[in-house]
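Let's work through some exercises together. Have the chains open beside you, and try each task before you read its solution.

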Amino acid sequence: MTRGRGTGRRWLLVALVALALTAGPPLARAVPTRPVDIDAGTLLGRVQAAEDRPWSGLVETTGTLALPDADQFSDVAALFGGSTRMRVWWRDADHWRVDQLSTSGEQDLVRTGDRTVRWDYERLQARFGEEPSVRLPRAADLLPTELAARMLRGAGPDDVTRLPARRVADRTAPGLRLVPASPRTTIDHVDVWADADTGLPLRVEVYDASGRFLTSEAVDVDLATPSEARVSFTTPPGAGVERDDVLDIADAANQYAPLIAPQRAGGLEADGSNGAVGVYGTGPEQVVAIPLRDREADALRDQLGVTPGARQGATGTRVTVGPLGVLLTGAEGEGGLLVAGTVTPPTLHAVARDVIAGYQYVGVPQ
Amino acid sequence: MIRVELVSLLRSRRTWATIALVDALPVIVAVLLAVTDLGPRPGTGPAFLSAVLTDGTLYPLAALAIVLPLFLPIAVAVFAGEAIAGEAQQGTLRYLLLRPVGRTHLLIAKLVGVMAFVVLTVLVVAATAYLLGIGLLGHQSVTASAPGTASVSGTSLSTPELVARTFAALGYAMLCMLGVASVALFASTLVRSPLAAAMGALALLVGSTLLLTLDAADPLKPYLLTRYWLAFVDLFRDPILWHDLVRGVLLQLGYVVVFLGAAWANFATKDISD
Amino acid sequence: MKVIRTEGLTKRFGRITAVDGVGLDVREGDVFGFLGANGSGKTTTVRMLLGLVLPTSGTVEVLGEPMPARRASVLPQVGALVEGPAAPPHLSGRRHLALLDAAGPGSRRTGRAGRVDDALEQVGLGGVDRRPVRTYSLGMRQRLGLAAALMRRPRLLVLDEPTNGLDPAGIQEIRRLLLDLNAAGTTVLVSSHLLSEIERTCTRVGVLHAGRLVLQDDLASVCGPTGLLVVDTPDPHLAARLLVGRVEAVDGERLLVRDQDAASVNAALVGAGVPVRSLHAQRRSLEDVVLDATSRQAIA
């Protein structure tokens with residue numbers, strides 16, 4: 001027994017074990033998916049049919065957009081500019097629960113009918129409120145199912161092509177690529193991988209001209225319908241309870257601004273809104289127009305003004321972050337109209353012009 | 001040898017001094033919280049630290065979140081780094097091997113000794129924190145109309161559930177130290193100086209913590225030593241989120257297999273010339 | 001029976017050959033003196049005998065079994081002191097011995113305290129109290145190390161510089177202890193760089209020089225008479241004339257005479273009126289033997 005031989009053999013053994021342990025999980029994930037023979041149109045139909053299908057699981061999203069971090073919009077900036085982990089229990093569009101996880105707590109959203117509860121563990125607080133007709137994007141909107149539904153809404157078989165299947169959440173998921181035909185959108189293409197059996201979207205990647213800026217993937221999926229208890233909320237002992245009259249700045253503007261936005265703007269149809277806030281377009285080309293009061297508009301204008309690439313024009317201040325265009329009309333002390341969406345600058349300006357021109361003024365609601 | 005190792009550990013003054021040092025931080029934090037009544041802002045500070053202001057029984061968990069990222073692993077790295085290199089430096093390694101204690105047996109005994117230290121430390125920290133939490137911090141049971149504690153997910157946890165999950169969290173935290181201990185033990189068979197061995201393990205610890213904050217390191221993250229350490233919080237979500245906990249345990253076991261294996265590969269036929 | 005037997009034992013550290021083809025041969029009942037200057041490869045050889053260092057090539061057999069393959073069965077029968085004693089500084093000597101005993105296999109708890117006491121008594125530490133080892137003198141540590149080696153009544157004792165740090169009385173005490181143990185059947189290997197110590201205790205000697213075993217023989221035969229007589233006289237010239245043809249060398253008032261018969265030489269000198277201060281048969285000193293062996297090695 002000499003040192004050289006025995007030691008070499010032992011090190012080799014350890015190296016092999018280490019290799020097996022590190023390479024094992026990626027290899028297991030790389031197990032080829034079973035062949036899926038389905039054309040793009042059929043798959044699109046299946047995905048669209050699976051909208052609001054019950055499921056539960058764990059979702060991870062990553063966004064790479066550096067949005068201006070203005071006070072009222074900081075949650076949105078965090079959502080599109082970082083990673084989010086969510087647990088999901090989804091019975092149907094009106095009964096679901098999405099827990100946004102952090103290392104030291106949770107911010108949960110429980111939707112029961114038209115009532116929504118927001119639970120914040122670190123504040124030990126439950127906030128009850130009505131589900132508003134218009135609101136800013138929130139974590140639950142980034143679920144692959146929600147994202148796919150939004151992006152594929154209105155798409156037809158001619159807009160999509162097939163992508164090779166991949167393994168997502170240990171399921172075989174054939175892929176679908178949507179390349180928007182509209183010249184108004186800034187979104188280059190959207191890739192969706194959906195469960196081969198049910199059409200449930202499991203992974204969504206969204207690209208602009210310069211590359212991918214948003215990914216959402218279900219890392220664990222259970223296709224059983226979650227129990228009703230799972231998607232209900234009872235305030236735990238010791239927690240504070242509050243009632244929200246308004247959810248966010250968009251909801252507030254929609255409810256309280258004495259205006260009604262027009263039904264068409266910049267060549268886009270309104271998306272079922274009848275308040276002060278207008279949401280126009282469907283699928284990858286969507287734009288929102290929110291009237292802001294002086295204080296909010298000024299703060300946002302300051303923030304936009306110092307954002308790299310900001311343009312001051314006759315209409316107002318415009319910023320482009322990746323695919324997202326943001327335009328705030330007006331000047332200091334005048335209030336303004338915030339127009340934001342995944343559309344090109346000319347469309348942005350057209351929407352602003354049409355909305356301002358088309359506002360109907362109404363009495364202040366009681 | 002394992003028994004001797006445990007007896008030596010329990011009788012060593014150094015063991016208790018180290019435990020006292022690790023325990024000091026949660027004690028200071030508890031006193032400060034009790035005096036100022038100022039919790040960390042949401043999204044900052046260790047987990048559960050804001051919750052303990054209303055419910056002192058959660059303080060063992062907050063204490064765990066305080067010592068787990070840095071204090072405990074440093075102590076573990078120092079202890080495990082000393083395991084072989086310390087015996088060699090003291091000259092007692094050759095006499096142990098001549099006794100004879102099998103070399104593989106010695107490595108395992110040392111790892112068991114270090115883990116016994118971890119168990120002891122975590123239990124002491126948790127026990128002190130419980131007493132401090134009850135004595136100094138919030139009294140949930142007095143103010144709440146319904147008995148129980150809020151889970152992270154906003155459901156209600158009964159006291160038995162809370163106790164069971166707290167012990168599970170303590171156990172998980174102990175398991176998390178296996179990786180550091182194995183790495184330090186391996187380093188300890190590699191170098192002559194116990195300090196160098198501890199520094200080696202700490203370098204990995206710091207490196208892992210740093211890489212975790214880097215998006216570019218995403219492909220590496222599932223393999224990083226500290227990746228799943230704070231997943232004990234998942235035990236207090238409702239239902240328990242097993243995803244990271246399971247990966248955390250497997251990762252630590254992987255570290256044990258690889259680094260204890262490497263320690264064995266290096267040490268089994270190493271020339272003992274100290 | 002061979003207690004230690006090595007063949008072609010070689011150890012290389014990188015490009016340096018520390019031990020080169022050593023063939024040790026220690027028999028049962030020997031007090032074997034293992035001599036060598038510091039850096040001659042003595043300690044490395046001892047470590048290879050005990051399985052601490054693994055040979056690059058060659059074989060080792062201790063107590064009839066191959067090492068280090070059978071160390072689990074060999075080492076319990078061996079007591080050793082390698083490169084100085086060692087003990088955790090914060091423990092008492094008694095506690096250290098008890099823990100060391102408990103650490104190994106096949107140690108029963110019953111009678112452990114007695115075994116510890118016996119070993120301490122043997123090395124003259126019987127009265128030692130609960131003081132920690134860090135307060136011990138060098139000599140006390142040395143004795144504690146010896147006690148650890150003696151704990152399990154070994155068949156073979158391997159002692160590296162056992163009298164290091166002891167005062168002359170202590171050295172004598174330890175020497176007597178070794179001889180007593182040897183008389184009771186323990187084979188002893190003592191390695192040292194001190195010739196006088198080996199000369200006084202050992203029955204056989206091996207000399208290591210630059211990694212090679214240059215001499216291995218019974219002490220009695222290497223240090224035997226040289227066949228010369230040493231004559232010390234105030235009148236060397238007369239004595240030389242009288243003993244002409246037999247005088248090998250004259251060194252001041254000392255003559256070396258080639259003759260076996262001291263009595264007749266003495267009679268001849270005294271008869272011729274030559275005063276004789278002393279007259280004795282010359283024996284080779286171990287120092288001469290070692291110097292001779294190592295210088296031959298150097299030339300070769």
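Buried means under 20% relative accessible area, exposed over 50%, and partly exposed in between, with a 1.4 Å probe and protein chains only. This is a predicted model, in which local features need pLDDT of at least 70, side-chain atom pairs count only at pLDDT 80 or more, and totals for chains, interfaces and linings use all residues. Residues are numbered from 1 along each chain as its sequence is written, chains are lettered from A and ligands numbered from 1 in the order in which they are written, and side-chain values use heavy atoms, leaving out hydrogens and water.

**Exercise 1.** Classify Leu21(A): is it buried, partly exposed or exposed?

Step 1: Find Leu21(A) in helix H1 of chain A. Helices are DSSP runs of H or I with at least four residues, strands are runs of E with at least two, and both are numbered from the N terminus.
Step 2: Leu21(A) has a relative accessibility of 41%, so it counts as partly exposed.

**Exercise 2.** Which residues make the nonpolar surface patch of about 300 Å²?

Step 1: The patch consists of Leu13(A), Val17(A), Leu21(A) and Val257(B).
Step 2: Helix H1 (residues 3-29) of chain A gives the largest share, three residues.

**Exercise 3.** How are H8(B) and H10(B) oriented to each other?

Step 1: The axes of helix H8 (residues 159-190) and helix H10 (residues 242-267), both of chain B, come within 8 Å and cross at roughly 20°.
Step 2: Angles under 35 degrees count as roughly parallel, over 145 as roughly antiparallel, 65 to 115 as roughly perpendicular and the rest as oblique.
Step 3: H8(B) and H10(B) are therefore roughly parallel.

**Exercise 4.** Where does Pro100(B) lie, and where is Pro68(C) placed?

Step 1: Pro100(B) sits in the loop between helix H5 (92-98) and helix H6 (103-136) of chain B, and a cis peptide bond with omega about 0° joins Arg99(B) to Pro100(B).
Step 2: Pro68(C) is in the loop between strand S6 (65-67) and helix H2 (71-74) of chain C; the bond from Met67(C) to Pro68(C) is cis too, with omega near 0°.

**Exercise 5.** Is Leu124(A) buried or exposed, and what about Arg153(C)?

Step 1: Most residues other than glycine have a negative phi. Leu124(A) has a positive phi near 50°, and Arg153(C) has a positive phi of about 45°.
Step 2: With a relative accessible area of 14%, Leu124(A) is buried.
Step 3: Arg153(C), at 59%, is exposed.

Notes:
Patches are made of residues with over 30% relative accessible area and no salt bridge: like charges are joined within 9 Å, nonpolar side chains (Val, Leu, Ile, Met, Phe, Trp, Tyr) within 5 Å. Accessible areas come from the Shrake-Rupley method with a 1.4 Å probe; for residues, only the protein chains shown count as cover. A salt bridge is a side-chain nitrogen of Lys or Arg within 4 Å of a carboxyl oxygen of Asp or Glu. Axes are lines fitted to C-alpha atoms, for helices over the stretch in contact, and angles run from 0 to 180 degrees between N-to-C directions.
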